[in-house]
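Student: Hi! Could you walk me through this one with me?
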Amino acid sequence: MNDEAGLRAPRKAVEIKGVSKVFGTYQALKPVSFDIYDNEFFTLLGPSGCGKTTLLRMIAGFEQPTTGQIFLHGSNIQGLPPHKRRVNTVFQSYALFPHMSVEQNIGFGLENLGWSKDRRDARVADMLRLVHMEAFAGRKPQQLSGGQRQRVALARALAPEPEVLLLDEPLSALDLKLRQAMRDELRILQRKTGITFVFVTHDQEEALDLSDRICVLGDGEIQQLGTPAAIYEEPSNRFVADFIGETNFLDAEVIAVNGEQATVTTQLGMTLTASHKKAVAGQKAFMSIRPEKISLPAQANPIAVDGTIMGTNYLGGYTYYLVETGGTTLRISKRNSVSRGQMFEIGQSVKVGFAAESVRILGA
Amino acid sequence: MKPSARKPNWNVLGLLPAHLIMVLTLIIPIGIIIVVSFSTRGPYGGFEYVFTTAPYKQLLFNEGWTGELEFNPQYLIVVARTLVLSAVTTSICLLLSFPVAYFIALRRPTIKVLLIYLVTLPFWVSMIVRVYSWIIILGKDGVIEKTLRGVGLVDNMGSLLFGNTAMLVGLVYSYIPLMILPIFASIEKLDPALIEASHDLYGNRLITLRRVILPLTRPGMIAGAILVFVPSLGAVLEPTLLGGGKTMMMGNLIQLQFGGARNWPLGAAIAIVLMAAVMIFLVFQGLRSMRIEGLERAS
């Protein structure tokens, strides 16, 4: 893409307009609207049953929306069967054709699009190179490992140069080590091909790692849509704060709301002013603080409280401490930057501290 | 690990009862039939242990009173009819069964169980009764003829009964469940994501059927074809009841030789020929599927 194009407003690849889905009497997805931009790595994130896969299947054309419309690069694809939509899917189970070789699998879409044999062969070779599977062209899917099948599924879906690539939890069948490696490859593939990726996952870490933007879905509706940092640092409700990463929730009472800032008295006994969402003066709220944002022991932190170590979980790079402070237990993570020498022991009295900027107030 | 040569292999001994049953119920009876087929016909039925190849010659030739052999296609026609009718039966069953099996496989689980039960329902009724019912349907003044005459489509049509068509109808009717069930099983095993993947990769319904569904359900179709073709070859009831006395298949020809014709050696010889035909078919099918597997492994 040249600079001129980059200066313009990003082009909309997919527009979701008031799309909802009802299965029988079960509302899988309440009406949602949002746009996915060209060349974006966009993630639909949520727990199982939140409607993310249903949404993906509606973009692919396997399900029809109960209400609303979907646009693909400006044209309404409502009612178009899957084989007439220029989108391709990487299935959770990969769904490679077991009776076809790797080459035939990758060439299948191209053949159906009517590409000539020469053009097809060249494209298949390119794709094999892209996913580092040149040596396996003649193999059958059942002769491949999980990671290799994954690559073939990616190559097969990318080969016809779809306008949008849909990925339905593609990494969930892989083991941890491989999942990590495939994440990097997915990111590289997306940059290399410049194709818009719509990625469905329930793994928040995966979503944070890969995405340009994340749409957090819960209970069939959008909970928050934004960049990974915005979603992690400024969750818009308790669901998002809880689902993305780890956090400590403390009860709070809202005293005053002043624009972006809310003043609350917390369970820990102090009064503080922090950024908020939907806090209403005089009402109950939650205060959320991430485990890594609490200092142990308290440094020059503006807010500090006394506590007792109740438990320790050593996790190599990090140690998690459970610290009891005035009627509540805080989960605190501490980087093991020196060695194990600095560890705290159970029963030890400590002082923990944090900054008000690290706190997020969420209306109940 | 290599099995030690010194230690006796007790596994073989464990299988002894099974081997015993096989020998008693399969090998010995076939041996007897082979012996009978090379024996001389007894004067009042039965047979005498005098070696002769006459029964096999009789399949192809008439022996004139001077002893010269004269070609007689009579039995060959029966063999040919049996092969053709069985092949056509298998083809018709295949064509009819696939859509039926596909339809059933896509229903809700409760409906599916009910439909499968309905497919197997005829097996609960005696085969004779079921085949006999076709006489009522196809016969003179039967359901079909009366209906066609009633609406004025035909004035006077020949009997549908007693002939190749009636036998074909009976065979297809009798054996079609044996085709539906294995095809149903293979369609049910098919991962729906594969069909979605085909549509996703720009395959329309026809392409998806031809390139994905049919190749992946072929094992079910092959199994069904064997299950229909083999019993069709040996069918007795259908040719007896629906073929009339003259259009015979091998099954009722054998029955006739052991019964009314009192020519046991000829009956045994026909039975051996029938068995050979079945075995050739099965070996051919076996080789074919081995070749397909081999190709798949090699590529």
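This is a predicted model: local features need pLDDT of at least 70, side-chain atom pairs count only at pLDDT 80 or more; totals for chains, interfaces and linings use all residues.

Student: Thanks. So where is A:Asp219 found?
Tutor: A:Asp219 is in the loop between strand S9 (213-218) and strand S10 (221-226) of chain A. Its phi is near 55°, a positive value in a residue other than glycine.

Student: How many other C-beta atoms lie within 10 Å of A:Asp219?
Tutor: There are 14, so A:Asp219 is partly exposed.

Student: What about the phi of A:Glu161?
Tutor: A:Glu161 is not a glycine, yet its phi is positive, about 50°. This residue is placed in the loop between H5 and strand S7 (164-168) of chain A. With 15 other C-beta atoms within 10 Å, A:Glu161 is partly exposed.

Student: Switching to helices: at what angle do H5 and H6 of chain A cross?
Tutor: Roughly 15°, and the axes of H5 (residues 146-158) and H6 (residues 176-193) of chain A come within 11 Å. H5(A) and H6(A) are therefore roughly parallel to each other. Their crossing is right-handed.

Student: Which residues meet there?
Tutor: From H5(A) they are A:Gly146, A:Gly147, A:Gln150, A:Leu154 and A:Leu158, and from H6(A) A:Leu178, A:Met182, A:Leu189 and A:Thr193. The residues of this contact divide into 5 nonpolar, 4 polar and no charged.

Student: Last one: which residues does the cis peptide bond join?
Tutor: A:Leu296 and A:Pro297, with omega about -5°. A:Pro297 is in the loop between strand S14 (284-289) and strand S15 (303-314) of chain A.

Definitions and conventions. Residues are numbered from 1 along each chain as its sequence is written. Chains are lettered from A and ligands numbered from 1 in the order in which they are written. Axes are lines fitted to C-alpha atoms, for helices over the stretch in contact, and angles run from 0 to 180 degrees between N-to-C directions. Helices (H or I, at least four residues) and strands (E, at least two) are DSSP runs, numbered from the N terminus. Angles under 35 degrees count as roughly parallel, over 145 as roughly antiparallel, 65 to 115 as roughly perpendicular and the rest as oblique. A crossing is left-handed if the near helix is turned anticlockwise from the far one by less than a right angle, and right-handed if clockwise. Two residues are in contact if their C-beta atoms, placed from the backbone, lie within 7 Å. Ala, Val, Leu, Ile, Met, Phe, Trp, Tyr, Cys and Pro count as nonpolar, Asp, Glu, Lys and Arg as charged, and the others, Gly among them, as polar. A residue is buried if 20 or more other C-beta atoms lie within 10 Å of its own, exposed if 12 or fewer, and partly exposed in between; C-beta atoms are placed from the backbone.
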